[in-house]
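Here are my notes on this model, for your review. Please read them with the structure open.

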Amino acid sequence: MHCPAMHKDTCMDHDDIDPDSRCRLPFVDRTGLDPEAQAMFDSHKKGGGHTLRGLRGPGGIKLHSPALAKYARPVGRYLRVDAGFTGRVREVAILITARCCDSQFEWAAHEQEAVRQGVPRETIEAIRLGKPVDALDPTDALIVTLGREAFELSQGNIGDVSTGA
C-alpha cells in the first residue's frame with residue numbers, strides 16, 4: 001500500500017512562499033492578538049520542548065486562527081508529550097504522516113529528530129520511498145502500515161470497507 005500523495009508530482013512554487021515565515025502564510029501580527037493568543041505567540045517564538053520550529057511550524061500557522069490554536073495546542077502537546085509514546089514511535093508516526101500528506105516542511109523538520117530518537121535509516125527510507133515494511137522493526141512496520149492505510153482510506157483509495165471490496 002502506498003500513500004495517496006506518493007504518486008503526485010509535487011513541487012513548491014517559490015513565488016508564493018513568504019520569505020520570513022517560509023510558509024504560504026506570513027507570520028501573524030502579535031499586536032492584533034488577544035492576551036491569551038499573545039501568550040501562545042510568545043511561547044512559540046521562544047521555542048523549547050514543545051516545538052521544533054517555533055513560529056515557523058504548525059503552531060505559528062494555527063495562530064492565524066487563535067480559537068483553533070487554543071484547542072489544537074493541548075491536543076498536540078498531549079500527542080507529543082503526555083500520551084506516553086516514545087520519541088521513536090512519535091517520530092515514525094510524524095514521518096509517515098508527513099510523507100502521506102506530501103508535507104515537505106514536516107519531513108524536513110522531523111527527519112533528523114527521528115534519527116536522534118533512534119529511528120533506523122532503513123525505516124526512514126522505507127517511509128520516504130514508499131517501500132515495503134516487511135524487513136523493518138515490527139513496531140515501526142505497524143505504525144507505517146497503519147499510517148498508509150489511514151491516509152488511503154481518508155482519500156477514498158481503498159475499496160468499500162463495509163464489503164471489503
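Is Pro 132 buried or exposed? Pro 132 is exposed, because its relative accessible area is 64%. The classes are buried under 20% relative accessible area, exposed over 50%, and partly exposed in between, with a 1.4 Å probe and protein chains only.

1. Basis. This is a predicted model, in which local features need pLDDT of at least 70, side-chain atom pairs count only at pLDDT 80 or more, and totals for chains, interfaces and linings use all residues. Residues are numbered from 1 along each chain as its sequence is written, and side-chain values use heavy atoms, with hydrogens and water left out.

2. The loop between H6 and H7. Pro 132 sits in this loop. Helices are DSSP runs (H or I, at least four residues), numbered from the N terminus. A second pair to check is Ile 143 and Val 133: their C-alpha atoms are separated by 9.9 Å, and they are 10 residues apart along the chain. Ile 143 belongs to helix H7. Ile 143 counts as buried, because its relative accessibility is 15%.

3. H5 against H6. Two packed helices are described by the angle between their axes and the distance between the axes. Helix H5 covers residues 104-116 and helix H6 covers residues 121-129; their axes come within 10 Å and cross at roughly 155°. That makes H5 roughly antiparallel to H6. Axes are lines fitted to C-alpha atoms, for helices over the stretch in contact, and angles run from 0 to 180 degrees between N-to-C directions. Angles under 35 degrees count as roughly parallel, over 145 as roughly antiparallel, 65 to 115 as roughly perpendicular, and the rest as oblique. The crossing of H5 and H6 is right-handed. A crossing is left-handed if the near helix is turned anticlockwise from the far one by less than a right angle, and right-handed if clockwise.

4. Arg 121 and Glu 111 form a salt bridge, at 2.7 Å from N to O. The pair links distant parts of the chain, with Arg 121 in helix H6, Glu 111 in helix H5, and 10 residues from one to the other. A salt bridge is a side-chain nitrogen of Lys or Arg within 4 Å of a carboxyl oxygen of Asp or Glu. Arg 121 is partly exposed, at 37% relative accessible area. Glu 111 is buried, at 18%.

5. Glu 125 and Arg 128 are separated by about one helical turn, because they are three residues apart in helix H6. Glu 125 counts as buried at 18% relative accessibility. Arg 128 is partly exposed at 36%.

6. H4 to H7. Under the salt-bridge rule, the count is 10. One of them joins Arg 88 and Asp 140, with the closest N and O atoms 2.6 Å apart. This pair links distant parts of the chain: Arg 88 is in helix H4, Asp 140 is in helix H7 (residues 138-154), and they are 52 residues apart. Asp 140 counts as buried, because its relative accessibility is 2%. Arg 88 counts as partly exposed, at 24%.

7. Asp 102. Please check the backbone here. Most residues other than glycine have a negative phi. Asp 102 has a phi near 50°, a positive value in a residue other than glycine. Asp 102 lies in the loop between helix H4 (87-100) and H5. At 22% relative accessibility, Asp 102 counts as partly exposed.

8. H1 against H3. The axes of helix H1 (residues 35-46) and H3 come within 10 Å and cross at roughly 60°. That makes H1 oblique to H3. Their crossing is left-handed.

9. Tyr 78. This residue lies in helix H3 (residues 66-82). Tyr 78 counts as partly exposed, because its relative accessibility is 44%.

Technical notes:
Helices (H or I, at least four residues) and strands (E, at least two) are DSSP runs, numbered from the N terminus.
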